[in-house]
Amino acid sequence: MSFFKNQFANVVEWQEFRDDMIFYKWSNREIKKGSKLIIRPGQDAIFFNNGKIEGVFRDDGEYDIESQIIPFLSTLKGFKFGFNSGMRVEVLFVNTKEFVVKWGTQNAINIPTLGLPGGMPIRANGTFNFKVHDYIALIDQIAGVKDQYVVEDVKIRITSILDQLLMKWITREGKDMFNLQANSFDISKGIQEDLDMQMIKSGITITGFNVMSFSYPKEIQDMITKNASHGMVSDVGRYQQISLTDGMASGKMSGGGTASDMAGMMMGMNVAGQMMNQMNQNQHTQNQPAPVQNTPPPSQPNAGDQPRPNFCPNCGTKTGAANFCSNCGQKLI
């Protein structure tokens with residue numbers, strides 16, 4: 001009796017498990033009396049027959065199919081194994097983890113932009129997250145015709161419509177076409193909602209979508225970088241001084257002879273002198289005390305000043321404008 005049992009019994013399990021595999025279908029085999037079901041962590045086992053789900057088992061472990069599985073199947077709970085009879089049913093093992101996938105635009109997307117007749121050519125890259133959430137839809141749309149389904153299959157399906165969604169949501173939420181990163185959250189949120197509506201029909205939900213970066217053509221990127229530099233410095237004269245200093249420091253201004261070296265040195269000294277003067281003026285202005293407004297007091301007559309007499313006190317001669325008497329020489333003041 002044990003001989004026949006060993007011949008008929010089998011193990012229902014996910015064979016050759018892969019991290020990038022979304023589901024694996026154990027099928028086209030007959031389950032015999034004494035067969036075992038093995039569910040590993042991160043897996044769900046779904047028994048289905050003729051496209052209809054009979055039972056879903058989520059707890060990992062090893063189970064006796066006859067005593068622990070069949071009693072919970074919808075229409076097969078009364079099935080009895082015979083000596084030569086087995087149960088023909090398919091078992092779908094589903095990977096329950098959340099998958100993280102990198103994406104990137106293969107070609108530049110021309111986004112309609114004011115002033116650019118051909119549009120703004122933009123590339124983007126990022127990640128999206130997904131997981132299986134509806135087993136009925138998964139079996140109906142995919143597992144009914146496929147024995148396995150991998151992450152690459154989902155990625156191909158999503159990237160086939162991603163360019164259209166990027167154009168739609170960049171146009172709608174890209175308020176500043178030269179700084180799309182500032183609106184990347186709203187753009188990503190809109191794309192995630194649209195992708196979820198597309199994939200939910202297959203039993204897959206998009207749990208996250210992220211635009212990590214946008215890239216522009218080199219000419220436009222150079223213009224953006226230059227404008228940002230001007231904005232950071234905020235003074236064209238100051239920007240030119242910094243550019244000149246950087247050029248001298250990097251050696252890009254070095255010429256082919258002594259005259260060129262001297263010219264560079266003179267320019268550098270001139271710029272350095274201007275910068276030092278400007279710094280000194282700023283420092284002097286900051287350290288200069290505020291002027292005190294003092295009103296001079298009205299002039300007071302000197303106590304030592306004596307009025308000029310009209311007549312000489314010595315001889316009585318009439319005085320004039322002189323300081324000494326014209327008759328006797330007496331000092332009058």
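A contact is defined here as heavy atoms within 4.5 Å. By this criterion, residues 24 or more positions apart account for 63% of the contacts in the protein with a separation of 6 or more. The model is predicted, so that local features require pLDDT of at least 70 and side-chain atom pairs count only at pLDDT 80 or more, whereas totals for chains, interfaces and linings use all residues. Residues are numbered from 1 along each chain as its sequence is written, and side-chain values rest on heavy atoms, with hydrogens and water left out.

The protein contains 8 helices and 14 strands; these are DSSP runs numbered from the N terminus, with helices (H or I) of at least four residues and strands (E) of at least two. Of the 333 residues, 34% are buried, where buried denotes under 20% relative accessible area, exposed over 50%, and partly exposed the range in between (1.4 Å probe, protein chains only).

An open sheet of mixed pairing is formed by 3 strands in the order 1-4-7. Its edge strands, strand 1 (11–12) and strand 7 (61–64), each pair on one side only. Two strands are taken to pair if DSSP finds at least two bridges between them. Strand 4 (residues 36–39) is antiparallel to strand 7, with 4 bridges joining the two, and I39 stands opposite G61 of strand 7.

Most residues other than glycine have a negative phi. E16, in the loop between strand 1 and strand 2 (21–26), has a positive phi near 55°. The residue is exposed, at 73% relative accessible area. N50 occupies the loop between strand 5 and strand 6 (52–57); its phi is likewise positive, near 55°, and N50 is exposed because its relative accessible area is 75%.

Q43 lies in strand 5 (residues 43–49) and counts as buried because its relative accessibility is 3%. Beyond residues up to four places away in sequence, Q43 touches W14, F17, R58, F93, V94 and T96.

N327 is placed in the segment after helix 8 (258–287) and is exposed, with a relative accessible area of 53%. Residues up to four places away in sequence aside, N327 touches C315 and T317. The C-alpha atoms of N327 and C312, 15 residues apart along the chain, are separated by 8.8 Å.
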